Amino acid sequence: MIPMDYFAHESSYIDDGVKIGRGTKIWHFCHIQSGAQIGEFCTLGQNVNVGTNVKIGNYVKIQNNVSVYEGVELEDYVFCGPSMVFTNVLTPRAKYPVADKELYAKTLVKEGATIGANATIVCGNTIGRYALIGAGAVVTKDVPDYAVMVGVPARQVGWACECGQILDDGLECEKCGRKYAATGTATGTAIALLEEE
């Protein structure tokens, strides 16, 4: 028998064909479904469900009562707040269930993004690197890197530093000193981290 190099509470269920990285902790009443891949040093809080074939990167934190459904991918250092919601079908019906998994609309959450408690991410969208989704927000479209999103539907109200601090108008972080610059894109404004000296 090969010893586990991760922790899973005895109340959790881990199906066959799952890959879990070293140092990961899976707490009470979780279910990890077949084909799921979870990276190293992740933390899954109580009552987390990870769907079939879901990919989760390294150092990801998923708080209590979150379901990461098939079609969702989380890159490294993503934070999912308590009871936030992912979806994977745009037009679900109980009477006409989705039989073809190709109908799943893919959702990608990029490195370092934070999704606040009780937020909802409508499927088929990408959350940019280090974006900050406020508690209770409903994301209905792609989110740029570093964007701060709040409300229903979510709208952008500012920019966030990689450290999590809201940036001032000069796009400089008062907490860690990182500096950013505005860049023009085809779909609107974006920012980029300036090279550190």
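**Stop one: a run of rings**

Start with Phe41, which is partly exposed at a relative accessible area of 32% (buried means under 20%, exposed over 50%, partly exposed in between, with a 1.4 Å probe and protein chains only). Before you go on, note that this is a predicted model, where local features need pLDDT of at least 70, side-chain atom pairs count only at pLDDT 80 or more, and totals for chains, interfaces and linings use all residues. Residues are numbered from 1 along each chain as its sequence is written, and side-chain values use heavy atoms, with hydrogens and water left out.

The structure holds 5 aromatic pairs (rings of Phe, Tyr and Trp, the last by its six-membered ring, pair if their centres lie within 6.5 Å; planes under 30 degrees apart count as stacked, over 60 as edge-to-face and the rest as tilted). Phe41 sits in the loop between strands S6 (37–38) and S7 (43–44), and Tyr59 in the loop between S9 (55–56) and S10 (61–62), 18 residues apart. Strands here are DSSP runs of E, at least two residues long, numbered from the N terminus.

Tyr59 is partly exposed too, at 38%. Now pick Tyr77: the rings of Tyr59 and Tyr77 have centres 5.0 Å apart and planes at 5°, so this pair is also stacked. Tyr77 lies in the loop between S12 (72–74) and S13 (79–80), so the pair ties together parts 18 residues apart in sequence. Tyr77 is partly exposed, at 46% relative accessibility. Phe41, Tyr59 and Tyr77 form one aromatic cluster.

**Stop two: the core**

Which residues have the most contacts inside the largest nonpolar core? Select Leu44, Ile62, Leu74 and Phe86; the core has 48 residues (buried Ala, Val, Leu, Ile, Met, Phe, Trp, Tyr and Cys joined through side-chain atoms within 4.5 Å). S12 and S21 each supply at least two of its residues.

Zoom in on Leu44. Neighbours within four places in sequence aside, Leu44 is in contact (heavy atoms within 4.5 Å) with residues including Trp27, Cys30, Val50 and Ile62.

**Stop three: the strands around S21**

Select S21 (residues 147–150), which runs parallel to S19 (132–133) and is joined to S19 by 2 bridges; DSSP must find at least two for strands to pair. Ile133 has Met149 as its bridge partner. With S22 (155–159), S21 pairs in the antiparallel sense over 4 bridges, and Ala147 partners Trp159. Finish at Gly151 in the hairpin of S21 and S22, which has 4 residues between the strands: Gly151 takes a positive phi near 95°.
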